[in-house]
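Here is a short briefing for a first look at this structure. Keep the 3D view open while you read.

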Amino acid sequence: MLPVTRQDSDITCSNDIGRLTTHGQEQRYISPTTGICRKLIVQAVTPSGKFEVPLKDHANDASKLAIWLLTHSPFKGWIIFKWFGKSVWFALKLLWPVVWFLVEVYLGAAGGDDSEEDTDSSYNTGYYKPYLRQFQGQLWAARSRMEYSSRVKEEVELNTRTHACYPRILMIRSPNQNEWVRCVDRDIIIRAKYIAISYRATDFYTQGPSEEEEKAQFIDEVRAVVLGQQFDAYWFDLECLGEAAEKNLDVYCMSDVYRRAETTLIMLRRADSGEDECWRSWGGRVWTLPEVLLSTRLCYKFRDREEVEPLSLFQLANLAYTNAEDEQAIINAYGNGKDPLERLERLALLKKAIWRRDMRNSSVPSDPSPPPRSDMTGGKPAIGEEYKPHDAGRVYALMGFFEHRIQPNDHEDVLRALARLSMANDSDRIAERMVSMFPSTITPGACWYADNDIYDANLWDIVPEIQVAGVTENGALVLDGCRVAAIRWKDFPEIPFATTFSLKRKIAGSIPYFSWPFIVIGLGIIPDTSRAGGIALIVIGLLILFLSPRLFLYSKSGRIIDKQPWLIGVKGVVDRGTVESHLYGGTIAHFPRMYFTPSGSLFSKPEQLSRRIGSDEQYKDAKEQEKSGPGHMYTLIDTCSSTMYYFRAERPPTVCIFAGREGGLGRFVLCSERCKANELHKEMVLRMPTEISQKMELCGWVALG
């Protein structure tokens, strides 16, 4: 939703040099020329509200007058008076350069020629307008150890092993006393062969008065099965998870527990409820997928049956993941190695599969819905306080597949944990790739997060061009190495441009400026020299004036070869002709000066011709879509590539970030500014030519949240 202005609530923000400013809740932006926080004025096709204005431009007035004179006949009704007035104004426009030239000659001004190219080059910097505000806060978690991080680090986190070769705790059967004991002795544990237990808590016990009794019964059943399999040790999270900081360490090494186990026993609920339902329930838990994928051997048992059956990964896929394509692909890769997936593709599929899972009540994997809900890894430990689930449980289940892991933290949510995991495994750059994607649903607290992409790109298709420096306490990513440009919304600026050289157009463009000298000289020689000659000169001057609109426009036509880069926004859907007239005035002998994007936005439609260009039909489609749908329709004009884009967003984006590349085009993230939080918010992602990023200036740290 667009922000609502409230008079009783003000916002305090700072400009690019840290000076504080207080203002209302209307949308703001940082001026690219002054660095001051200003109200955002938006030009709109149909203005509504006090912050929207009609389309306005600074194009050459003479060109616009010439176009009007050529497209309107003076002999239609009373338009002759308006036509005559505009003709006089156009003639005066031609007189002004002559007067200025004479003044320069009279005053002896240096460089007396009218050098339009020099004037244009002085304004044509060759770069888009920069974004001047940088992130000015502290990082909650930093990539570099040299940076200050405000998050609370537990003592055990400062000296944590990357991988564990044995569990920290095992349940071992004492041969002398014939009972099970909780063992923490390293010398005993490293020599023990053990079974790891995989189960779903809600299949065996429920919260309530009988919870402890049901857990005790379940533990007895597990011990009986372990003995039946000729093992004297097992790992079971109900009994082997530690307390407080030890709990985080156990979760950190959970994947190694299943890697080192001789076999993993899958405990299923009673088969009388239906075997398929038992498998679906077990498979819907977050941790079960990494548990079986990391195991050496598998077996399973239904609660109401005595038999313990061996199981392969392929059998498991057919039983628990019948209709899940991602899980099938993952198991094919892990099962025999003959259908390998690239590392990033495998990790992306694992993340997608784990994110669909729940641990508490859902028995069927649900559709992905960021951000994920908190999960549980079991019940409470046998000794100590009640186990509390981590909010970032899904991330901790996923990290077992990464080379470098993060220490679980009770104070972080799933998105901050995912950002930390991405920073710890820099070669995968998962968070950086997500920045370049635009999901179907934006996560309110962290807009950088993406489970999918509206352009159907995969995580591994993105080549990131940025680096995550850290994550803020709000869950925003702090990005480094961004090429950023400001988007202009208040009007169309004056665009310095150059066309291909043509002697014919050069001569045609000079002729209109001789009209006034002919008229003035003719008026001057009539009384004293030659009446006939004076009249002839006046007639020639008037004839040139009459032809001047066409000659003037012809001189300005031709293919544009250089222009000042600008990103210009308009609320609403604008046609190509209107954009061209507002940017460059007007021409005849028309060369197209703006093009529709063939594949840069959701409204793109390519022409099926030998040349790759966008179809004009997308204007009609966008106009039709403007009538309905969430948010508002906007038009973005890029003068550097002469391309137009239609897109839908909640708020007008004022900043464009080059974040990565995909499919032969750049990924450019359009963001609005949230000055109170000193953050940017992702509004849309467009696919634009990669080369225009070279016209964007590098910016300091920016926060995307």
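Contact here means heavy atoms within 4.5 Å. The model is a predicted one. Its protein chain has 21 helices and 29 strands. Of the 705 residues in the chain, 51% are buried. Among contacts with a separation of 6 or more, 65% join residues 24 or more positions apart.

**A covered helix: α15**

- Helix α15 spans residues 414–424 and is mostly covered.
- Ten of its eleven residues are buried.
- The buried set in α15 includes two arginines, Arg416 and Arg420.
- Among the other buried residues of α15 are Val414, Leu415, Leu418, Leu421 and Met423.

**Helix α19 and its partners**

- Two packed helices are described by the angle between their axes and the distance between the axes.
- Helix α18 (residues 515–525) packs with α19 at an angle of about 160°, and the axes are 7 Å apart.
- Angles over 145 degrees count as roughly antiparallel, so α18 is roughly antiparallel to α19.
- The crossing of α18 and α19 is left-handed.
- On the α18 side, the contact includes Trp516, Phe518, Ile519 and Gly522. On the α19 side, it includes Gly533, Gly534, Leu537 and Gly541.
- The contact of α18 with α19 has twelve nonpolar residues, five polar ones and no charged ones.
- Helix α1 (residues 61–71) also packs with α19 (residues 531–556), at an angle of about 125° and with axes 9 Å apart.
- That angle makes α1 oblique to α19.
- The α1 and α19 crossing is left-handed.
- Helix α1 brings Ala62, Ser63, Ala66, Ile67, Leu69 and Leu70 to this contact. Helix α19 brings Pro549, Arg550, Phe552, Leu553 and Lys556.
- In the contact of α1 with α19, eight residues are nonpolar, one is polar and two are charged.

**Salt bridges**

- The structure holds 29 salt bridges.
- One of them joins the side chains of glutamate 262 and arginine 297, at 3.4 Å from N to O.
- This pair links distant parts of the chain, 35 residues apart. Glutamate 262 is in the loop between α8 (254–260) and β12 (263–268). Arginine 297 is in the loop between α10 (288–293) and β13 (298–302).
- Glutamate 262 has a relative accessible area of 27% and is partly exposed. Arginine 297 is also partly exposed, at 46% relative accessibility.
- Another salt bridge pairs arginine 280 with glutamate 277, at 4.0 Å from N to O.
- Both residues lie in helix α9 (residues 275–283), three residues apart, about one turn of the helix.
- An α-helix has 3.6 residues a turn, so residues three or four places apart point the same way.
- Arginine 280 is partly exposed at 34% relative accessibility. Glutamate 277 is partly exposed, with a relative accessible area of 27%.
- Salt bridges that share partners join Asp203, Arg269, Glu277 and Arg280 into one network.
- Which residues meet in a salt bridge with both partners buried? Glutamate 291 and arginine 285 meet at 3.4 Å, N to O, and both are buried.

Definitions and conventions
Residues numbered from 1 in each chain as written. Predicted model: local features only at pLDDT ≥ 70, side-chain atom pairs only at ≥ 80, totals over all residues. Heavy atoms only, no water. Helix = DSSP H or I, 4+ residues; strand = E, 2+ residues; numbered from the N terminus. Buried < 20%, exposed > 50% of the residue type's maximum accessible area, 1.4 Å probe, protein only. Axes fitted to C-alpha atoms, helices over the stretch in contact; angles between N-to-C directions. Parallel < 35°, antiparallel > 145°, perpendicular 65-115°, else oblique. Left-handed = near helix turned anticlockwise from the far one by under 90°. Nonpolar A, V, L, I, M, F, W, Y, C, P; charged D, E, K, R; others polar.
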